[in-house]
Amino acid sequence: GMWQLPAAIKIAKALEPLNPYWYEDPIKMSNLEALRVFRESTRVWTTASETLSTRWGFRDLFEKNATSVAMLDVGWCGGIGEAKKIATMAECFELPVAPHDCTGPVLLTASVHLSIASPNALVQEMVRAFYHGWYRELVTDLPPVAKGFISAPEAPGLGIDLKPELRSRPDAVLRASAL
């Protein structure tokens, strides 16, 4: 998302011979018309945008035909209910979804549930270094991964819990909101 449109197009054209799977958020999402121009300038899929929020932001993205794949972040777009509405709307526009991951193990798990519940789910993004690293320090379980596939934990709810000792860790910072 740090490129300006002319540079983004030039870089995309230079990378096309390498046959990338997609270009993710190649420009800032503040100008969806420019994103549409970018998408039309390349044969490689354009995916957007983990940085958008609510179904109204995604509706504009879809109506402008500015993306090939909708990458939404369950935590940033408004929660799992809003994410499901966005995924369903993407389906109405014949677009696949690819839920984003890098915001933590709870959101990864919620995203896996969303992917399973969405017939237009293309892929579930997963950061292996986080999955095999710090995610395991925070939760009792993670969605199992086997042979390139991820599935939901079988326990009730999301299927995971925060580790009981998490609140007493010396590096834990607790914040509470009160009305």
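Patches are made of residues with over 30% relative accessible area and no salt bridge, nonpolar side chains being joined within 5 Å. In this predicted model, Tyr21, Trp45, Leu122 and Val123 form such a nonpolar patch on the surface, and together they have about 370 Å² of accessible area. One of these residues, leucine 122, is placed in the loop between α6 (105–117) and α7 (128–131). Leucine 122 counts as partly exposed because its relative accessibility is 35%.

The protein chain holds 7 helices and 5 strands. Read from the N terminus, the order of elements is α-β-α-β-α-β-α-α-α-α-β-β. Along the principal axes, the C-alpha atoms fill a box of roughly 50 × 35 × 30 Å. The protein chain has 179 residues, of which 41% count as buried. Among contacts with a separation of 6 or more, 60% are accounted for by residues 24 or more positions apart.

Helices α5 (residues 80–92) and α6 have axes that come within 10 Å and cross at roughly 35 degrees. This crossing of α5 and α6 is right-handed. On the α5 side, Ile80, Ala83, Lys84 and Ala87 take part in the meeting, and their counterparts in α6 are Ala110, His113, Leu114 and Ala117.

The count of salt bridges comes to 8. In one of them, glutamate 82 pairs with arginine 55, and the closest N and O atoms are 2.9 Å apart. Glutamate 82 belongs to helix α5 and arginine 55 to helix α3, so this pair ties together parts that are 27 residues apart in sequence. Glutamate 82 counts as buried at 10% relative accessibility, whereas arginine 55 is partly exposed at 27%. A salt bridge also joins glutamate 137 and arginine 169, with the closest N and O atoms 3.6 Å apart. Here distant parts of the chain are linked, since glutamate 137 is in the loop between α7 and β4 (145–146) and arginine 169 in the segment after β5 (149–150), 32 residues apart. Both side chains are on partly exposed residues, at a relative accessible area of 41% for glutamate 137 and 23% for arginine 169.

Glu33, Arg36, Arg39 and Glu40 are linked in a network of salt bridges. Within this group, the side chains of arginine 39 and glutamate 40 meet at 3.7 Å, N to O. Arginine 39 is buried, its relative accessible area being 16%, while glutamate 40 is partly exposed at 47%.

Some backbone values were also examined. Most residues other than glycine have a negative phi, and most peptide bonds are trans. The peptide bond from alanine 48 to serine 49 is cis, with omega near -15 degrees. Serine 49 is located in the loop between β2 (45–48) and α3 (54–63). Threonine 54, in helix α3, has a positive phi near 65 degrees, and threonine 54 is partly exposed at 30% relative accessibility. Asparagine 65 likewise has a positive phi, of about 55 degrees. Asparagine 65 sits in the loop between α3 and β3 (69–70) and counts as partly exposed at 42% relative accessibility.

Arginine 128, found in helix α7, counts as exposed at 62% relative accessibility.

Technical notes:
Residues are numbered from 1 along each chain as its sequence is written. This is a predicted model: local features need pLDDT of at least 70, side-chain atom pairs count only at pLDDT 80 or more; totals for chains, interfaces and linings use all residues. Side-chain values use heavy atoms; hydrogens and water are left out. Helices (H or I, at least four residues) and strands (E, at least two) are DSSP runs, numbered from the N terminus. Buried means under 20% relative accessible area, exposed over 50%, partly exposed in between (1.4 Å probe, protein chains only). Patches are made of residues with over 30% relative accessible area and no salt bridge: like charges are joined within 9 Å, nonpolar side chains (Val, Leu, Ile, Met, Phe, Trp, Tyr) within 5 Å. Accessible areas come from the Shrake-Rupley method with a 1.4 Å probe; for residues, only the protein chains shown count as cover. A salt bridge is a side-chain nitrogen of Lys or Arg within 4 Å of a carboxyl oxygen of Asp or Glu. Axes are lines fitted to C-alpha atoms, for helices over the stretch in contact, and angles run from 0 to 180 degrees between N-to-C directions. A crossing is left-handed if the near helix is turned anticlockwise from the far one by less than a right angle, and right-handed if clockwise. Contact means heavy atoms within 4.5 Å.
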